[in-house]
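Here is a short tour of a protein model, written to be read with the structure open beside you.

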Amino acid sequence: MTHTTLADWLRQAPFGLTLSSGFFGFFAHTGVLAALEEAELTPACASGSSAGALVTGLWAAGMTSVAIEDELLRLQREHFWDPGLGLGVLRGRLFQAKLAALLPVERFEMCRVPLAVSVFDVRTRRTEVVQSGALEPAIRASCTLPVLFQPAWVGGRPLLDGGILDRPGLAGMSHPRVLYHHLSSRSPWRRAKALALPERPGLTSLVLDGLPRVTPFHLERGREALVRARDAARRALEAPIVDGVARQRS
């Protein structure tokens, strides 16, 4: 019995790209994006939460995977580490300035493909999907990990990491065919939920096992995570999809 490869499936018709949340998982997401660009597989739209929102946001705004990689590999902790009093270790002002400087465009409406970013509204305790208006505040809010960052105030609302209730980042994805890159969590308190792949018609999940864990105190692991994710994604593109999942060991 022959199975369709991931690359064949993606070439059959337009598809959307969704990247999950995951602590400093933007290195791995960028590796996957690089493999897609090399294969000339361009998403028709994109969505994401947290680390996924950062990468899809930068890409949709006009940056290539190579440009994103260059920026990530230059990243140092002092570029975003700004402790201050508040409900979180970091104020987030350095991250805000860095993100604003990186984005080639300022608004969702100016992106090259439709983009949807998930955020968590502290007051309503619900996921909100942002897909219009100012780009930087939405991406910044989606990356505002509780405890690490103080809440991001946007439009008079305190917002936090979109992965709180929408870890896959799929809330804003309406395309009927979706490639979803799943970053497995290594936090014991959320393992059962985090390891479960989402299910919906037309969804194909990409899972790359064994990637290095990157943290603010181990940014040097980022290069290895990116390279291993890119190489594993290349192999996954040429491998068969089994039960809606393309899985590779990194």
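## A pocket and its lining

Let us begin with the second largest pocket, where α5 supplies the largest share of the lining, three residues. Please keep in mind that this is a predicted model. The volume of this pocket is about 200 Å³. There are 13 lining residues, and those closest to the centre of the pocket are Arg91, Gly92, Arg140, Gln150 and Pro151. Two elements, α5 (93-102) and β5 (152-154), each give two or more residues to the lining.

What is the make-up of the lining by class? Six of the residues are nonpolar, four are polar and three are charged.

## A parallel strand pair

Next, have a look at strands β8 (residues 203-209) and β9 (residues 245-249), which pair in the parallel sense over five bridges. Within this pairing, Leu208 of β8 sits opposite Gln248 in β9.

Thr5 is found in the segment before α1 (6-12). Is Thr5 buried or exposed? Its relative accessibility is 15%, so Thr5 counts as buried, the cut-off being under 20%. Beyond its neighbours within four places in sequence, Thr5 is in contact with Leu237, Glu238, Ala239, Pro240 and Ile241.

Ala61 belongs to the loop between α3 (51-60) and α4 (65-73). Ala61 has a relative accessible area of 6% and is therefore buried. Setting aside residues up to four places away in sequence, Ala61 touches Leu103, Pro104, Val105, Cys111 and Leu135. One of these, Pro104, is 43 residues from Ala61 in sequence, yet their C-alpha atoms are 5.9 Å apart in space.

## Two positive phi angles

Glu40 is placed in the loop between α2 (26-38) and β2 (45-49). Its phi is near 60°, a positive value in a residue other than glycine. With a relative accessible area of 70%, Glu40 is exposed.

Ser50 lies in the loop between β2 and α3. Which value does phi of Ser50 take? It is near 55°, again positive in a residue other than glycine. Ser50 is buried, because its relative accessible area is 9%, whereas Glu40 is exposed.

Definitions and conventions
Residues are numbered from 1 along each chain as its sequence is written. This is a predicted model: local features need pLDDT of at least 70, side-chain atom pairs count only at pLDDT 80 or more; totals for chains, interfaces and linings use all residues. Side-chain values use heavy atoms; hydrogens and water are left out. Two strands pair if DSSP finds at least two bridges between them. Helices (H or I, at least four residues) and strands (E, at least two) are DSSP runs, numbered from the N terminus. On a 1 Å grid over the protein atoms alone, a cavity is a set of points where a 1.4 Å probe fits but cannot get out, and a pocket is an open set with protein on both sides within 12 Å along at least five of seven lines; lining residues have an atom within 4 Å of a point. Grid points are joined across faces, edges and corners, and a volume is the space filled by probe spheres set on the points. Ala, Val, Leu, Ile, Met, Phe, Trp, Tyr, Cys and Pro count as nonpolar, Asp, Glu, Lys and Arg as charged, and the others, Gly among them, as polar. Buried means under 20% relative accessible area, exposed over 50%, partly exposed in between (1.4 Å probe, protein chains only). Contact means heavy atoms within 4.5 Å.
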